[in-house]
Amino acid sequence: MTGKDICKRAAEWASYKYWYGAKGEIATVTLAKRLQSENPSVWTAAYYNKAIKDVDGKTRVGDCSGLVCHAYNIGDISSYSIHSKYPVWAGPIRDGMILWRKGHVGIYDQGKVHELKGIDYDYQCKPYKASEWASVHYSTKVDYMSHGYDVGWHCDMNTGRWWYQYSTADDGFYKNRIVRINSKYYAFDKDGWMCSGSAKILTDENGEIIGVEHC
């Protein structure tokens, strides 16, 4: 399993509503009553009345740890157990890694976070802010280095810089060249970032483009 696989599995819950204690089931009155009896401090009368509006015979429900467990294809465990199960990561964060803070978990994905945040928010995929999380966790069984990015434009949410992936291979992005994409020309530096300002085009003695400088 790769980090990209985990991100895709997390996104499968994009239509789910948040019910504390739910793990992907279809929302029913019976389920709501069971969860209320199991978690009375959370499932107050007001919480129950709000949740029951999701019952329509087809909507599925879950919570934050349920989303992470689904993404990692493991049995259902709590956010605290996830924190205990997986070691802390100290390097640059990678797609598919688990974000944790007390009482909550999410999945990192290209500068954003997949999460089921609460009954007032349901599923969200919003920009990642390091200050909102206490730690990052990983699995030794997951390949986080194989990105497998989709073909097309991608943006680094931390820097705001863009690159263009022309194949799903890890190194399948344009770099150090001028490229025509959808009838427009773009310059990419030696690291693959799109030049947002003026660029100096380097040519050989025959006038062929050999590189790009001064993005």
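Student: Hi! Which residues of helix H1 (residues 3–11) are buried?
Tutor: In H1, the buried ones are Gly3, Lys4, Ile6, Cys7 and Ala10. Buried means under 20% relative accessible area, exposed means over 50%, and partly exposed lies in between, with a 1.4 Å probe and protein chains only. Helices (H or I, at least four residues) and strands (E, at least two) are DSSP runs, numbered from the N terminus.

Student: And why do they line one face of the helix?
Tutor: Looking down the axis of H1, its buried residues fall within an arc of 160°, so they line one face. The arc is that of the directions from the helix axis to the C-beta atoms.

Student: What covers the buried residues of H1?
Tutor: The cover includes helix H4 (64–72), strand S5 (104–109), strand S6 (112–116) and strand S7 (123–127).

Student: Before I go on, what kind of model is this?
Tutor: It is a predicted model, where local features need pLDDT of at least 70 and side-chain atom pairs count only at pLDDT 80 or more, while totals for chains, interfaces and linings use all residues. Residues are numbered from 1 along each chain as its sequence is written, and side-chain values use heavy atoms, leaving out hydrogens and water.

Student: Good to know. How many helices and strands are in the protein?
Tutor: The protein has five helices and 14 strands. Of its 215 residues, 40% are buried. It exposes about 11,800 Å², with 49% of that supplied by carbon and sulfur atoms; the areas come from the Shrake-Rupley method with a 1.4 Å probe, and for residues only the protein chains shown count as cover.

Student: Among contacts between residues at least 6 apart in sequence, what share joins residues at least 24 apart?
Tutor: That share is 53%. Contact here means heavy atoms within 4.5 Å.

Student: Back to H4, then. How many of its nine residues are buried?
Tutor: Eight of the nine, so to speak a mostly covered helix. The buried residues are Cys64, Ser65, Gly66, Leu67, Val68, Cys69, Ala71 and Tyr72. Just after H4, asparagine 73 takes a positive phi of about 55°.

Student: Which residues have the most contacts inside the largest nonpolar core?
Tutor: In that core of 41 residues, they are Trp19, Trp43, Leu67, Val68, Tyr72, Ile98 and Ile107. H4 gives this core its largest share, six residues. A nonpolar core is a set of buried Ala, Val, Leu, Ile, Met, Phe, Trp, Tyr and Cys residues joined through side-chain atoms within 4.5 Å. In soluble globular proteins, nonpolar side chains tend to be buried together.

Student: What does tryptophan 43 touch?
Tutor: Leaving aside residues up to four places away in sequence, tryptophan 43 touches Trp19, Tyr20, Ala32, Leu35, Gln36, Tyr48 and Ala51. There is also a second, separate core of five residues, which includes Tyr164, Tyr174, Ile181 and Phe188.

Student: What about the sulfur of cysteine 64?
Tutor: Its closest cysteine sulfur is in cysteine 69, 9.2 Å away, which is too far for a bond. Cysteine 64 is buried too, with a relative accessible area of 5%.

Student: Let's do strands. How many bridges join S6 to S7?
Tutor: Five, and the two strands run antiparallel; strands pair if DSSP finds at least two bridges between them. Glutamate 115 stands opposite glutamine 124 in S7. The hairpin of S6 and S7 has six residues between the strands, and aspartate 122 takes a positive phi near 60° there.

Student: And what stands opposite arginine 177?
Tutor: Phenylalanine 188 in S12 does. Arginine 177 lies in strand S11 (residues 177–181), and five bridges join S11 to strand S12 (residues 184–188), running antiparallel. In their hairpin, with two residues between the strands, asparagine 182 takes a positive phi near 50°.

Student: Is arginine 177 buried or partly exposed?
Tutor: Partly exposed, because its relative accessibility is 40%.

Key:
A disulfide is a pair of cysteine sulfur atoms within 2.5 Å.
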